[in-house]
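Please read these notes with the model open beside you.

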Amino acid sequence: NINTLINSGINVLFIGLGDAAQLAPEVKAAKARGIVVVTAGVGQTIEGTIGDFGGDENLMGEMMTRTLLDSMGYKGNLYAFWVPGAPLLETRLRILKAMLVDYPNVTLHLVPTDFSPATSQSKMQAILTANPEKGSIAGVWGAYDQMISGAVEAITQANRTEIKVAAIDGDRATFQMLYAKGSPFVATVVQNAQQIGTLAAQTAL
């Protein structure tokens with residue numbers, strides 16, 4: 001709990017991930033107490049912090065999207081799951097849209113969701129029900145791994161593993177999906193979380 005940390009007498013507060021608008025009041029409260037605040041993976045610098053650290057979103061988005069499109073043969077229906085309004089995820093989506101301009105045989109379907117894997121699973125189940133024929137869905141693009149894991153579960157349960165899925169982050173759960181036998185999850189881009197944390201800590205100190 002961030003508020004508990006703020007009231008505990010700390011000197012530096014490091015926040016990993018989160019919504020900028022929701023974090024703003026907590027950052028303001030921390031700054032009022034003289035606490036140095038640094039964030040990582042938020043996607044923008046919140047007023048009152050000394051900076052936001054993360055990976056190269058353009059490069060990661062291009063790498064993941066390129067791999068997914070290649071696995072689809074650069075054609076077919078592609079469903080993109082992302083959380084509207086999240087700056088970091090909106091950036092990744094913009095990269096996808098820009099790249100698809102060159103691939104007219106790919107039809108993009110946007111699937112707004114939230115941060116819960118359960119929501120993505122439910123939405124993917126509905127998409128599968130509406131598209132029961134194998135080949136009717138070529139790929140699923142996920143703005144990040146944990147969120148899209150729900151869609152991977154739905155695809156696996158429906159035995160529709162001809163559908164290809166990719167995302168970004170490379171957390172522990174990701175590799176379980178990636179290496180599971182017959183998994184539809186074909187690619188992720190691993191961020192160097194240790195280096196991101198190190199740079200954030202060095203800046204704060």
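Does Tyr179 count as buried or exposed? Tyr179 counts as exposed, at 65% relative accessibility; the cut-offs are under 20% relative accessible area for buried, over 50% for exposed and partly exposed in between, with a 1.4 Å probe and protein chains only.

1. Ground rules. This is a predicted model, in which local features need pLDDT of at least 70, side-chain atom pairs count only at pLDDT 80 or more, and totals for chains, interfaces and linings use all residues. Residues are numbered from 1 along each chain as its sequence is written, and side-chain values use heavy atoms, with hydrogens and water left out.

2. Helix H7 covers residues 172–179 and holds both Phe175 and Tyr179. They sit four residues apart, about one turn of the helix. Rings of Phe, Tyr and Trp (its six-membered ring) pair if their centres lie within 6.5 Å; planes under 30 degrees apart are stacked, over 60 edge-to-face, the rest tilted. The count by this rule is three aromatic pairs. Phe175 and Tyr179 form a stacked one, with 6.2 Å centre to centre and 15° between the planes. Phe175 is partly exposed, at a relative accessible area of 30%.

3. Thr174. This residue also belongs to H7. Thr174 is buried, because its relative accessible area is 0%. Contact means heavy atoms within 4.5 Å. Beyond neighbours within four places in sequence, Thr174 contacts Asp145, Phe185 and Thr188.

4. The sheet. Five strands form an open, parallel sheet in the order S5-S4-S6-S7-S8. Two strands pair if DSSP finds at least two bridges between them. S5 (106–112) and S8 (185–190) are the edge strands, each pairing on one side only. From one strand to the next the twist averages 20°. Axes are lines fitted to C-alpha atoms, for helices over the stretch in contact, and angles run from 0 to 180 degrees between N-to-C directions.

5. Strand S6 and its partners. S6 spans residues 139–142 and is covered on both faces. Gly139 and Trp141 are buried on one side, Val140 and Gly142 on the other. Four bridges pair S6 with S4 (residues 76–82) in the parallel sense. Three bridges join S6 to S7 (residues 164–169), also parallel.

6. S6, helix H6 (residues 145–157) and S7 make a right-handed β-α-β unit. Right-handed means that, with the strands pointing away from the viewer, the path from the first strand over the helix to the second runs clockwise. Helix H4 (residues 87–100) lies across S4, S5, S6 and S7, at about 165° to S4.

7. The cores. A nonpolar core is a set of buried Ala, Val, Leu, Ile, Met, Phe, Trp, Tyr and Cys residues joined through side-chain atoms within 4.5 Å. The largest has 44 residues; Leu78, Phe81, Met124, Val140, Trp141 and Ile148 touch the most other members. H6 gives the most to this core, six residues. A second, separate core has twelve residues, including Ala20, Ala30, Ile35 and Val42. Leaving out residues up to four places away in sequence, the contacts of Leu78 include Leu68, Met72, Leu100, His109 and Val140.

Notes:
Helices (H or I, at least four residues) and strands (E, at least two) are DSSP runs, numbered from the N terminus.
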